[in-house]
Amino acid sequence: MSDYTLNSITISDFEEEEREAVARLYENSYRATFTWFNEEQLGRISFDSDTEGEFILVAKSGEEIVGFASLWVPGHFIHHLYVDAARQHQGIGKALLHKSLQKLSGKATLKCLVKNRPAVDFYLRNEGFRSQVGDSEDGEYILFEWKETPISG
C-alpha cells in the first residue's frame, strides 16, 4: 500500500472494509452534484458496478473517509473523483488528482459534464486541458487531458 499525506489527509489504496463508507460517500456526492438528474438517472447509482475492475484511492482524515478516486488504469482514465461536500476546498481533491496522475504515469483523461461547473473549474485550475467536447446520455461533456503529472505535492 502506498500512502500520500497532505496536512491531516492520508491518501491510500482502497481496502475492502472501506467499501460501505466509500459507497455511501459516492451516492451522497453523486446526488448532491448532479442536481439536474431525474430519479431514473439517480437510480442508476451503484458504487460496485460503477467502479468494477477499477483501482480506487481513498482520502481519509483520521479514520473518516472524505474522498475517493476510481481509475481505469489500462486506459489512463480517471472515472470518478469525489470529495465529501463538507470537506471541499481543503486541497483533498487536488491531492486525489495528483495521486491519480502518479498512478496513471502522468497521462490521463477524464470526462466531466459541462453542467458540473464547480468540477469543470476545478480541473481547469489543476492544469487539465480540454481536448474535446461530446455528448452522452447524461448531457454534454468535456474530455480533460493531462500529459504529465503537473501538480506538485
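**Notebook: loops, pocket and cores**

I began with H76, which sits in the loop between β4 and β5. Helices are DSSP runs of H or I with at least four residues, strands are runs of E with at least two, and both are numbered from the N terminus. The model is predicted, so I note the limits: local features need pLDDT of at least 70, side-chain atom pairs count only at pLDDT 80 or more, and totals for chains, interfaces and linings use all residues. Residues are numbered from 1 along each chain as its sequence is written, and side-chain values use heavy atoms, with hydrogens and water left out.

**Entry 1: positive phi**

I read the phi of H76 as near 50°, a positive value in a residue other than glycine. Most residues other than glycine have a negative phi. H76 counts as partly exposed because its relative accessibility is 30%. The cut-offs for relative accessible area are under 20% for buried and over 50% for exposed, with partly exposed in between (1.4 Å probe, protein chains only).

I then looked up H89. Its phi is positive too, about 65°, and H89 is not a glycine. H89 lies in the loop between β5 and α4. At 77% relative accessibility, H89 counts as exposed.

**Entry 2: overall layout**

I counted five helices and eight strands in the protein. Along the sequence the pattern reads β-β-α-α-α-β-β-β-α-β-α-β-β. The C-alpha trace spans about 35 × 35 × 30 Å along its principal axes.

I checked the radius of gyration, which is taken over C-alpha atoms. A compact globule of 153 residues would have a value near 15 Å, and the protein agrees at 15 Å. The globule rule is 2.2 Å times the number of residues to the power 0.38.

Of the 153 residues, 46% count as buried. I also looked at contacts, meaning heavy atoms within 4.5 Å. Among contacts between residues at least 6 apart in sequence, 58% join residues at least 24 apart.

**Entry 3: the largest pocket**

I looked up the volume of the largest pocket: about 1,300 Å³. T33, F34, L81, Y82 and N116 are the closest to its centre, out of 48 lining residues.

For the method, a pocket is an open set of points on a 1 Å grid over the protein atoms alone, where a 1.4 Å probe fits and protein lies on both sides within 12 Å along at least five of seven lines. Lining residues have an atom within 4 Å of a point. Grid points are joined across faces, edges and corners, and the volume is the space filled by probe spheres set on the points.

Which elements supply the lining? At least two residues each come from α1 (19-33), β5 (77-83), α4 (92-103), β6 and α5 (117-125). α1 gives the largest share, nine residues. By type, the lining divides into 25 nonpolar, 13 polar and 10 charged residues. Here Ala, Val, Leu, Ile, Met, Phe, Trp, Tyr, Cys and Pro count as nonpolar, Asp, Glu, Lys and Arg as charged, and the others, Gly among them, as polar.

**Entry 4: nonpolar cores**

A nonpolar core is a set of buried Ala, Val, Leu, Ile, Met, Phe, Trp, Tyr and Cys residues joined through side-chain atoms within 4.5 Å. The largest has 26 residues, and I78, L96, L97, Y123, F144 and W146 touch the most other members. Two or more residues each come from β2 (9-13), β3 (55-61), β4 (64-72), β5, α4, β6, α5 and β8 (139-146). α4 gives this core its largest share, five residues. Apart from this core lies another, of 18 residues, including I45, I56, I65 and L143.

I took L96 next. Beyond four places in sequence, L96 is in contact with I11, L57, A59, G67, F68, A69, L81, Y82 and V83.

**Entry 5: single residues**

L113 lies in strand β6 (residues 108-113). It is buried, at 13% relative accessible area. Leaving aside neighbours within four places, its contacts include F34, W36, F37, V120 and Y141. L113 and F34 are 79 residues apart in sequence and 9.3 Å apart in space, C-alpha to C-alpha.

E54 is in the loop between α3 (47-50) and β3. Is E54 buried or exposed? E54 counts as buried, at 16% relative accessibility. Not counting residues up to four places away in sequence, E54 touches S70, L71, W72, H79 and H80.

R19 lies in helix α1. R19 is partly exposed, with a relative accessible area of 26%. Its contacts, leaving aside neighbours within four places in sequence, are F14, F47 and D48.
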